[in-house]
Amino acid sequence: MTCADVRKLLPDLALGDLDAEPAADVAAHLKDCGACRAESGALGRTAGALRAATPVAASTERRSAAVAAMARAHADLSARLLTRRPRAWAPLAAAAAFLIAVAGALTVRAPGAVFSLAGTARILDRGTGEWRPALDGEKISVGDRIVTDPGTRARLAGGATEIVLDQDTWVAISGPRRVSLDRGRVLASSGSNELVVTDMANNCVRVTGRVEISVRDITSIVAGAVESKQGDQRLPAPRSVVEKSLVVRVASGEVALDGARQQRLRARAGEEGKFEAGGKPVTEKMVDPRVGAWVEDR
Amino acid sequence: MAGSEERMNLEEDLLHRCARGEAAAYRELVERIEKPLVNFILRFVGERHVAEDLFQETFVRVVKTLGTFRPEASLSTWIFTIARNLSLDWLKAKRRHREMALDAATSEEKGRVIYFKDVLRSGVAALEDRAQSTEDERRVTAALSGLSPIKREALVLRMYAGLQYSEIARIQGAPVGTVKFRIHEALRDLSKLMGVEDDRTSAAQGG
C-alpha cells in the first residue's frame, strides 16, 4: 500500500468504519511510516473528541412542549378546515380534500368500501365533521370512524372478515385489513387473511382466527424514590395510574401481539394475551374459555 | 425483510394515529426520535436555545405535512429531512445577519485587522450556553462551526444521529459516495481546525 492509498482509508479507520482486512493492511503501513502515523493520530484524536462531547439528553419538558405544540398545530389545522365561511368555498374545498387526505391518512391508496355495516351505530360524517346515525347496510371505507352507544351493537362484514362491536365501543378503520380500537370490545373473525387491530398506545394485534379483543383499564401503583440533581432523595406518595390495555381472548386460530416497544408474542386458542402498562405483551391460560358469548346473548 | 416490513407497518400506523390527532401518538413519535434528533440539531446549528426551538418546530411541521409522507422513505429519514431544512434556513438567516454585523464592525474599527475565523469563533463562544458546556464541548462546537454546512451536516448525522450512509444520502439528496467523501473531508478539516487550536494553546503555555 502506498501512502496515498493509506491516507484515503484513514478517516474510515478513525470513524471505526473500516473492515478488518484493510484495517490490518493500514496498520502494517503505519508501523513503518511516521507521516501517515501522525495523520492517523490526528484524525483519531479528532474523532475521539467528537465522541467525547456528551450527547444531550432529551428532557421531559422538551418532549411535553413538542407534544403540546403538535396538538396546537393539529387543532389549528382542523379549525381552519372546519370553519365554513360563505363565498370563500373554493380554497376550502381544496383544504377539505387535504383534510380527508390527512384524516383518511396514509393507507387511503385504494379508496372504496371495505365493510358493510349492520346494526345500530353512529358514523363520523366526513362532509360535515359531525356524528350521524349509520344506515343499515352502509358501506364503510378506510378512514371512517364508528361508535356504538350503550345498549347498541353493530356488525362490520367484509369478505371473510367479520367484526362485531359491543356496546360503547369506538373504532376507526385505518386500512383495508386494519382497525384501531380506541375503547370497548369487539369480536373479530378474520378469514385466511390477517386482520390487524391496534390501540391508542400503538400496541398491535395480528389476528388469524376468531378472537375477542377489548380495551381495558389497567390500574398500576407507582411507588419509588426520586433523585434530584441536588442529590437529595425523597419518597413520593404511591399513586395509582390507569392505563388502557388491549386484551385478546383467542377462541380459535392464532394471534401475534406486537408491543409498542418491539416485543412480540403469540397467543393460541384457549389463551389470553394482553399488554402490560409498558407495552410488553404477556399471555396466560384463559380462566373462562367462553369467547364472545355476549354476541349470542340476545 | 420481515423486520423492516413490520417497522413500516408500525410507523404507518403511528402516523395514522398522528393524523387523527392522538396525543399519545404524538408523544410516542417524539420519544422515538428525540435523542438523535436533538443532538443532530444542536451540533448542526451550534446553539442550544435555537436547537430547542427548531426541535419543536420540526414536530409542528411534521403534523402540518403528514399528508406528504411517502412510505418508501423511513419515518426517521423524513423527520431528519424536515429538521435539516429548518436548520439550514436558520443558518442562512444567521449568516445574512452576521454579514451585516461584520460590515458595521469593520468600518468602525479602522486600522485593525479582524480575521473572519476569530469573529466566527467569538460569535460561537458568546452564544453558547456556557453553564452547561465543558471545555471539550466548547472546542468541538467551535470547530464544527468552522466547517461548511454541508460537510458538518453529513458528519453530524453520522456521529451524533447515528444514521447510515444510505439514510444521509437520502436526506442530502446525494449519492452515498459523495456523502462518504463529505464525511472524510469534514473529519480532515476538523482535525486541522482543532490542531490549530492545540498548537496555539501549547505555544501560549510554553511562552
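Here is a short tour of this predicted model, one selection at a time.

Before you start, residues count from 1 along each chain as its sequence is written, and chains are lettered from A in the order in which they are written. Local features need pLDDT of at least 70 and side-chain atom pairs pLDDT 80 or more, while totals for chains, interfaces and linings use all residues.

**Colour by confidence.** Now colour by pLDDT, the predictor's confidence in each residue from 0 to 100. The mean for chain A is 80. Next pick residues 83–90 of chain A, where pLDDT stays under 50. Where pLDDT is low, the predicted coordinates should not be read in detail.

**The largest core.** Move to chain B and select B:Cys18, B:Leu37 and B:Phe40, which are among the residues touching the most other members of the largest nonpolar core, of 67 residues. Such a core is a set of buried Ala, Val, Leu, Ile, Met, Phe, Trp, Tyr and Cys residues joined through C-beta atoms within 7 Å. Helix α2 (residues 23–45) of chain B gives the most to this core, twelve residues.

**Another core.** Finally, select A:Val142, A:Val164, A:Val179 and A:Leu246, which are among the 37 residues of another core, apart from the largest one.

Methods
Buried ≥ 20, exposed ≤ 12 C-beta atoms within 10 Å, placed from the backbone. Helix = DSSP H or I, 4+ residues; strand = E, 2+ residues; numbered from the N terminus. Contact = placed C-beta atoms within 7 Å.
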